[in-house]
Amino acid sequence: RGIIERPGSGSRPLVIAHRGYSAVVPENSLAAVDAARALGVDFIEVDTSTSADGVPVILHDPDLDRTTNRKGPVANLTAEELSFVDAGSWMGPGFHGVRIPTLAAVMRDIQHRGGELLLELKGEWSSGAVARISELVVETGIADRMIVQSFNLETLETCRDLLPMVARFLLRMVPKPEDIEIARDLGAVAINPSYKGFSMRKSVVTEIRDNDLGVFVWTANEMNEWRELLNAEVDGIITNHPGRLQGFLAGR
Ligand code: G3P
Ligand code: CA
């Protein structure tokens, strides 16, 4: 569990910026990564999937509709076509021209400017696609400053086999006792439930922690939720409001 422990953090949960500092700048953009870094969060979470020509790009949804000026599946456009898409205007005219970054751009940004990356792999990733991430890890040398997470068990299995130098988290909506064994097989160091799943299955969360696995809860944006998660001594809180969460934790 070394990578998820911070010297001097005591029982304070780690603060993880969800899709970057997504409450204030367009999610999953380099600006959102930078704003989260400026806060000094413990990890910056972003989502990745691949373009039509197999380039890993940073976007949450499988379609472009919600957060860009284009429509249709991300997987229908090449990386070059995606590089012209406006992924900022949906959040306000001041963000016009914000782009969808490639994973390479985000990892190089982390390499040169600092920060720790929690990378969510959306959907199923082929061996070839994970191998591309592996190349980027070697190129940037940030293996010890990043973690991959996924809901997809096959993807995590491929990461275990082809990306062994990067720690893994298993994502679950609602955690179940059998997830502990699944996480062990995948070599995952944490099982991360939704806040709702955490609330529904507190005894499972205790069992996960008793088995020396971490628990990082997503996506908790309210103070009453943070209070509950702090009392439960979870390892980390994934939030759109990392600045407010830091303020809340500092006041405890
Ligand atoms: O970090 C976990 C969380 O991001 C998973 O949900 O839909 O926001 O990617 P989603
Ligand atoms: Ca995510």
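These legends describe close-up views of a predicted model.

View 1. An unreviewed UniProt entry lists residues 13–249 as "domain: GP-PDE". In the model, helix makes up 38% of the chain over residues 13–249 and strand 17%.

**View 2. The surroundings of ligand 1.** The residues around ligand 1 are His18, Glu45, Asp47, His60, Glu120, Leu171, Trp218, Thr219 and Ile238. Sorted by class, this shell holds three charged, three polar and three nonpolar residues. Ile238, one of the residues around ligand 1, belongs to strand S9, which spans residues 236–239.

**View 3. The two faces of strand S9.** Gly236 and Ile238 lie on one side of S9, with Ile237 and Thr239 on the other. Each of these four residues is buried, and both faces of the strand are covered.

**View 4. Pairing of S9 with S1.** Strand S1, residues 14–17, runs parallel to S9, and four bridges join the pair. Within this pairing, Thr239 of S9 has Ala17 opposite.

**View 5. Pairing of S9 with S8.** Strand S8, residues 216–217, also pairs with S9 in the parallel sense, here over two bridges. Ile237 of S9 faces Val217 across this pairing.

**View 6. The crossover from S8 to S9.** S8 and S9 form a β-α-β unit together with helix H9, residues 223–231. The unit is right-handed. Its two strands are paired in the parallel sense, and the S9 strand of the unit has buried residues on both of its faces.

Conventions:
Residues numbered from 1 in each chain as written. Chains lettered and ligands numbered in written order. Predicted model: local features only at pLDDT ≥ 70, side-chain atom pairs only at ≥ 80, totals over all residues. Near = placed C-beta within 6 Å. Nonpolar A, V, L, I, M, F, W, Y, C, P; charged D, E, K, R; others polar. UniProt positions renumbered as here; feature names shortened; annotations may be inferred. Buried ≥ 20, exposed ≤ 12 C-beta atoms within 10 Å, placed from the backbone. Pairing = 2+ DSSP bridges. Right-handed = clockwise from strand over helix to strand, strands pointing away.
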